[in-house]
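This briefing is for a reader who is new to the structure shown below. It starts with one chain, goes on to the contact between chains, and then takes up local features.

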Amino acid sequence: MLAFRSEEHVDWWLAARRLRRGSAFTLEQAWSLANGWYSDRLDPAWRRKTPEEAEAVFAAAGLTGDFWRLRPSD
Amino acid sequence: MTDGDVRVHLMERFLAEGRPPSVAESAAALDASEEDVAAAYRRLQEQRVIVLAPGTLDVWMAAPLSAVPTPFPVETERGTYYGNCIWDALGIPAMLGCDATIAASCADCGDPLPIRVRNGELRDGDGVAHFAVPAARWWDNIGHT
């Protein structure tokens, strides 16, 4: 995951590499994602999140849709 | 010694020294054989908890920490670390529960994009994050997401 000054810079970067747009979102959302994902990482009882738990962290940061889906769709 | 013991030791040592411990260092600290610790490192990689440098037992990533310098240096009161990406760079203060200054730069133009975390809040959060690869395919190539 990379950081850019603005959406415009994301578009320029993608165009220069002929890449398709993935998912762009605010750094506030990235901060929410980082907290949901990493705040318990030093807990000795930490374990990897299940796909359901991971999707819940994504959703809490406002990241939903096919790009963020880990479970097969119904 | 459980794999969890190895993981916690690895993270704490990484944070204390700014680099991950070798198998020999972990074995000495955990009073275990190098063979057992090596097996634990391999299992932690299989479980996608850590990433080893290809063909070695050297830890490359123990998310959110990177053992090699990246464009995402993170200054904290405990030390300066490198995140594997902007998510992981933000993950370091999230994990430590401390303030941080991330000397990020725009991936397009290279201009500085400093990000500060103070008292659990993001400052200077005007930038945009971009993920190139859908979540279900991150582990196809974790070095490129």
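**Overview of chain A**

Chain A holds three helices and two strands. Read from the N terminus, its elements follow the order β-α-β-α-α. The radius of gyration of chain A is 15 Å, well over the 11 Å that the globule rule gives for 74 residues, so the chain is more spread out than a compact globule. The model is a predicted one.

**Extent and surface of chain A**

- Along the principal axes, the C-alpha atoms of chain A fill a box of roughly 45 × 30 × 20 Å.
- Of the 74 residues in chain A, 36% are buried.
- Chain A exposes about 4,300 Å², and carbon and sulfur atoms supply 49% of that area.
- Taking contacts in chain A between residues at least 6 apart in sequence, 35% join residues at least 24 apart.

**Where the chains meet**

- In the contact between the chains, 39 residues of chain A touch 48 residues of chain B.
- About 3,900 Å² is buried between chain B and chain A, with 67% of it on carbon and sulfur atoms.
- On the chain B side, B:Trp87, B:Val128 and B:His130 lose the most area to chain A, and together they account for 20% of what that side buries.

**Strand 6 of chain B and its neighbours**

- Strand 4 of chain B (residues 73–76) runs antiparallel to strand 6 of chain B, and three bridges join the two.
- Strands 6 and 7 of chain B form a hairpin with six residues between them, and B:Gly110 in the turn has a positive phi of about 80°.

**Cysteines**

- The number of disulfides over all chains is zero.
- B:Cys98 is in no disulfide, and the nearest cysteine sulfur, that of B:Cys85, is 17 Å away.
- B:Cys98 counts as buried because its relative accessibility is 7%, under the 20% cut-off.
- B:Cys109 is in no disulfide either; the nearest cysteine sulfur belongs to B:Cys106 and is 3.8 Å away, whereas a disulfide requires the sulfur atoms to be within 2.5 Å.
- B:Cys109 is partly exposed, with a relative accessible area of 34%.

**Backbone details in loops**

- The peptide bond that joins B:Ala63 and B:Pro64 is cis, with omega about 10°.
- B:Pro64 sits in the loop between strand 2 (59–62) and strand 3 (65–66) of chain B.
- A:Arg18 is not a glycine, yet has a positive phi of about 50°.
- The loop that holds A:Arg18 lies between helix 1 (7–17) and strand 2 (23–26) of chain A, and A:Arg18 counts as exposed at 80% relative accessibility.
- B:Arg48, also not a glycine, has a positive phi of about 60°.
- The loop between helix 3 (34–46) and strand 1 (51–52) of chain B contains B:Arg48, which counts as partly exposed at 40% relative accessibility.

Definitions and conventions: Residues are numbered from 1 along each chain as its sequence is written. Chains are lettered from A and ligands numbered from 1 in the order in which they are written. This is a predicted model: local features need pLDDT of at least 70, side-chain atom pairs count only at pLDDT 80 or more; totals for chains, interfaces and linings use all residues. Side-chain values use heavy atoms; hydrogens and water are left out. Two strands pair if DSSP finds at least two bridges between them. Helices (H or I, at least four residues) and strands (E, at least two) are DSSP runs, numbered from the N terminus. Buried means under 20% relative accessible area, exposed over 50%, partly exposed in between (1.4 Å probe, protein chains only). The radius of gyration is taken over C-alpha atoms; the globule rule is 2.2 Å times the number of residues to the power 0.38. Contact means heavy atoms within 4.5 Å. Accessible areas come from the Shrake-Rupley method with a 1.4 Å probe; for residues, only the protein chains shown count as cover. Buried area is the accessible area (1.4 Å probe) that two parts lose on being put together, summed over both.
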